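Please look over the structure below.

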Amino acid sequence: MERGLAAVVGAGTMGNGIAHVFAQFGWEVVLLDVAEDRLARARETIAANLERQVRKGVLAPEAREAALARIRTATELAAAAGAHIVVEAVPEDVALKRRLFRELDGLAPGAILASNTSSISITELAAATTRPERVVGMHFMNPVPVMKLVEVIRGLATSDETYTVVKETAEKMGKVPVEVNDSPGFVSNRVLIPMINEAIYCVYEGVATPEAVDQVMKLGMNHPMGPLALADLIGLDTVLAILEVLYKGLGDPKYRPCPLLKKYVAAGWLGRKSGRGFYTYG
Ligand SMILES: NC(=O)c1ccc[n+]([C@@H]2O[C@H](COP(=O)([O-])OP(=O)(O)OC[C@H]3O[C@@H](n4cnc5c(N)ncnc54)[C@H](O)[C@@H]3O)[C@@H](O)[C@H]2O)c1
């Protein structure tokens, strides 16, 4: 697909990064959110992250301005009309996502409908539309402008053409797409999230402090970031939502979310985005 208009729905942790890379690689972008303040914050984050790329020498200063100029924001979903591709990045809630897919099916008839979901069935989201062959998972990693991987998830009915367009779109953004079939958590979160849950159990059971758990995994396993710092970066509400999809979808008690994680989320301690999780942020 030639570069055209990309609509990104949800301007949170992931949506701002997804809008950033589409705009950086020449797409016109409309970034949508129900919350005006999230859109304003997303614009600031994108500007700051583009600036960081300029400082690192990976982006020319003019390219920063051009990318910013290609992004507009909107609070009405109808602004997705005319999009060639829609990437949905709203919270990890199946009812919310299905509702959006149903609406987008009517509002953006020409578009491929992609979800950035971490764990929810692409087949189930596709079933909310009249064109399941044009629905696909396009799972970016956090932080999107930096991380190379995009898991491209085929739902039961995803066509080869849709898969190929999304794969090639990711490649043109300098990403490395990896094909994965539809299953709870796909590959990335099937493997990562149980490890994070286990790290939280270590804190819950008093085995070690968050700092100690993270230090063990960084120094002992060469992970660039400890699992609890990573959980804070992902968002603890998102980690919990993914665990619930794994637990329900695979039916195995080994995916039971740690009670401490549930308690933090109930308290509104969501990690970096709320200023407090396993660590505190300024
Ligand atoms: N956080 C991560 O590291 C990560 C990584 C990969 C994938 N994901 C997935 O990406 C998706 C988004 O996660 P996030 O961490 O960016 O969440 P987030 O909570 O940071 O942002 C979600 C945004 O969606 C907006 N929103 C809610 N309802 C909406 C609606 N009806 N229409 C438009 N916008 C709406 C919210 O206002 C918020 O700004 C989830 O499916 C998550 O599982 C997250």
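The sections below take these topics in turn.

## Basis

This is a predicted model; local features need pLDDT of at least 70, side-chain atom pairs count only at pLDDT 80 or more, and totals for chains, interfaces and linings use all residues. Residues are numbered from 1 along each chain as its sequence is written, and side-chain values use heavy atoms, with hydrogens and water left out.

## Ligand site

The ligand is surrounded by 25 residues. The closest are D33, E92, K97, S118 and I234. By class, the shell holds ten nonpolar, nine polar and six charged residues. Nonpolar means Ala, Val, Leu, Ile, Met, Phe, Trp, Tyr, Cys and Pro; charged means Asp, Glu, Lys and Arg; the others, Gly among them, are polar.

For E92 the distance is 2.5 Å. For N116 it is 3.0 Å. For N142 it is 3.0 Å. The ligand alone exposes 840 Å², and the protein buries 91% of that (Shrake-Rupley method, 1.4 Å probe). Elements giving two or more residues to the shell are α1 (13–24), α4 (94–107) and β6 (135–140). The largest share, three residues, comes from α4. Helices (H or I, at least four residues) and strands (E, at least two) are DSSP runs, numbered from the N terminus.

## Sheet

Eight strands form an open, mixed sheet in the order β3-β2-β1-β4-β5-β6-β7-β8. Two strands pair if DSSP finds at least two bridges between them. β3 (71–74) and β8 (176–181) each have a single partner strand, so one side of each is left without a neighbour in the sheet. Neighbouring strands are turned by 25° against each other on average, direction ignored.

β7 (residues 149–154) and β8 run parallel, joined by six bridges. V150 stands opposite P177 in β8.

## Helices on the sheet

Helix α2 (residues 36–56) lies across β2 (28–32) and β3, at about 165° to β3. Helix α6 (residues 160–172) lies across β4 (85–88), β5 (112–115), β6, β7 and β8, at about 25° to β6. Contact means heavy atoms within 4.5 Å. Axes are lines fitted to C-alpha atoms, for helices over the stretch in contact; angles run from 0 to 180 degrees between N-to-C directions.

## Backbone features

N142 and P143 are joined by a cis peptide bond, with omega about 0°. P143 lies in the loop between β6 and β7. N142 also has the polar side-chain atom 3.0 Å from a ligand oxygen.

F186 is not a glycine, yet its phi is positive, about 55°. F186 sits in the loop between β8 and α7 (188–204).

Note on methods. Near = heavy atom within 4 Å. Polar contact = N/O pair within 3.5 Å; in protein donor to acceptor, adjacent residues only side chain to side chain.
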